[in-house]
Amino acid sequence: MNILVINSGSSSLKYQLFKMPEKAPVCSGLAERIGIEGSFIKHTVYNKGEKQSIEAPGFVADHGEALKQVLALLTEGDYAVIASPDDIAAVGHRVVHGGEHFSGPTIITEEVKHQIKKLFSLAPLHNPVNYKCIEVAEQTFVNAKQIAVFDTAFHQTIPEQAYRYAIPESYYKEDGIRVYGFHGTSHKYVSEQAVNWLGQKESKIISVHLGNGCSITAIKNGQSIDTSMGFGPLSGLMMGTRSGDIDPSVIFHLMEHSGYTLSQLSTLVNKQCGLLGVGGSSDMRDIRKMVNEGKKAAVLAVKLYAYRIKKFIGAYAAVLNGIDAIVFTAGVGENDSQMREAVCSELEYLGIELDQELNATYKGELKEISAATARVKILVIPTNEEYEIAHQCFGLTV
C-alpha cells in the first residue's frame, strides 16, 4: 500500500512515500525556509540501498505552493516514483492541534476539517498550513483516503495534576482549557527508539525536540507525563519565532499602556519573538553565523535558548524522580552540536556529562554522546515522524 505522508511545520514541509508495511521510504523530501529568502526543495529517491537527490532552489511563497511543487516531483521527470496520483492509497497529514476532539488517527471528512479549522486560533502557525495541505492533497489525490494524525494524541496520558491549569474548573469543563502538548508524534517515536537502545522495560526519558518549534517532554515507561507546550504550541521553550513562556502581565501591560489589539499580540508572540525577536533570524544556522561575526544579540539569543532547556531538564528530573536518558532530536537538536554542549554543560550533579568528541562527530544516526562515566545516557536520535504517521495510517486502513 502506497502511503504519502505530509508533515508541514511552520516554515517547512517534509514528505515521505512509503510502500507499507516496509519501513524504508520509496522517496523523501524537504521544502525548507518556506516564505523566507533562500527557500528550496530537496527530493530524494531510494533504490536498493542507494539514493539519488535533486535540489530545486527558488523562492517558495507558502505551503500550498510547496506541496504543488512536491507533487510534480513525485509524478514527473527522472526522479518520479509514481505514474499518477491514483497510485497513492492514502495520504497521512500531520495536524498539530486536535483539541478535545481527536485522540488518534482519523479519516478526514468535512466535519473533521471543520474541527481542524476551528482550532486555528490555538495553533496559528500550524493548523492553517496543515489545513491548506489537506485541501491541496484532496484535489490532487482524489481517490486516496486523507488521514489526520494529531500531535496532541501522545500526551493524552499526562495526569490531571500536570494537564490542569490553576483556574476554575468551569473553564476546563466548558471550554476545554488544559494542557494538550504537541510534537507528540516525534516524542513518541524517539522515546521508543531510546527505550530499545536502553534495553530496559522501565525508563525515565527526557525528549528534547528542537526545530523551528521546540518542546521538551518527560516520558516515564513509554508514556508522556508532562510536556512544555500547553493549551497551544506557544508555551515552554524559546523557539524560532515564538516567545515560549512569558509572564501574562506583559500581555496586559501592552494592551493597557501601548494599545495593542489581541491580533497584534498574537502576531507578536507567535511570529516576531524567539530567535527572530532576540537574535534577528528564526533560523539557528543564521544565528550561528551572526554569533561568529560577534553580534551580541545573536550571542544572547543562543544563551537564552539553551538556558530555557536547562531549566526544564531540572524540572523534569524532579517530575521523573531521576533520568535514564536525554534525547536530542529535530533540526537543531540533531544538527547543532554547540547547542547540545551548551544545554548539557554544568549539569554534572544530575549525572549528565557530554563526550566532546562524540558530540562533535555526530553524523545523522542514533548515537550515544554521553561520557563513559556519566550516569545519564545522552542520545541524538533522528526523528521519523513521517514513518510514525504512515504506521498509524496503515493501521487505520488495513
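**Notes on the predicted model**

1. Nonpolar core. The largest nonpolar core has 46 residues, and those touching the most other members are Ile206, Leu210, Tyr305, Ile313, Ile326, Met339 and Ile352. Two or more residues each come from strand 9 (204–210), strand 10 (214–220), helix 10 (284–292), helix 11, strand 12 (325–329), helix 13 and strand 14 (377–380). Helix 11 is the main contributor, giving 11 residues, the most of any element. As background, nonpolar side chains tend to be buried together in soluble globular proteins.

2. The structure holds 15 salt bridges. In one of these, Arg94 pairs with Asp151, and the closest N and O atoms are 2.7 Å apart. Arg94 is in strand 6 (residues 90–95), while Asp151 is in the loop between strand 8 (145–150) and helix 4, so the pair links parts of the chain that are 57 residues apart. Is Arg94 buried or exposed? Arg94 counts as buried because its relative accessibility is 6%, under the 20% limit. Asp151 is also buried, with a value of 0%.

3. Salt-bridge network. Glu32, Arg33, Asp283, Arg285 and Asp286 are linked in a network of salt bridges. Within this group, Arg285 bridges to Asp283, with the closest N and O atoms at 2.8 Å. The two partners fall into separate accessibility classes: Arg285 is partly exposed at 45%, whereas Asp283 is buried at 12%.

4. Salt bridge of Lys295 and Glu293. Here the closest N and O atoms are 3.6 Å apart, which is inside the 4 Å cut-off for a salt bridge. Lys295 is partly exposed, with 43% relative accessibility. Glu293 is exposed, with 55%.

5. Charges over rings. The charged end of Arg178 sits over the ring of Tyr163, 3.9 Å from the ring centre. Lys23 lies over the face of Tyr387, at 5.2 Å from the centre of that ring.

6. Cis peptide bond. Most residues other than glycine have a negative phi, and most peptide bonds are trans. The bond from Met20 to Pro21 is cis, with omega near 15°. Pro21 belongs to the loop between strand 2 (12–19) and strand 3 (25–32). A colleague checking the backbone may wish to look here.

7. Positive phi values. Which value does phi take at His183? It is near 55°, positive although the residue is not glycine. His183 lies in the loop between helix 5 and helix 6 (184–198) and is buried, at 4% relative accessibility. Glu346 also has a positive phi, near 60°. Its place is in the loop between helix 13 (337–344) and helix 14 (356–360). In contrast to the buried His183, Glu346 is exposed, with 67% relative accessible area.

8. Nonpolar surface patch. Tyr165, Ile167 and Tyr171 form a nonpolar patch on the surface, and their accessible area together is about 260 Å². Tyr165 is placed in the loop between helix 4 (160–163) and helix 5 (169–175). Tyr165 counts as partly exposed because its relative accessibility is 31%. That value meets the requirement for patch members, which is over 30%.

How values were computed. Residues numbered from 1 in each chain as written. Predicted model: local features only at pLDDT ≥ 70, side-chain atom pairs only at ≥ 80, totals over all residues. Heavy atoms only, no water. Patch = residues over 30% accessible without salt bridge, like charges linked within 9 Å, V, L, I, M, F, W, Y side chains within 5 Å. Areas by Shrake-Rupley, 256 points an atom, 1.4 Å probe, with all protein chains shown as cover. Salt bridge = Lys/Arg side-chain N within 4 Å of Asp/Glu carboxyl O. Helix = DSSP H or I, 4+ residues; strand = E, 2+ residues; numbered from the N terminus. Buried < 20%, exposed > 50% of the residue type's maximum accessible area, 1.4 Å probe, protein only. Lys NZ or Arg CZ within 6 Å of the ring centre and 35° of its normal. Core = buried A, V, L, I, M, F, W, Y, C linked by side-chain atoms within 4.5 Å.
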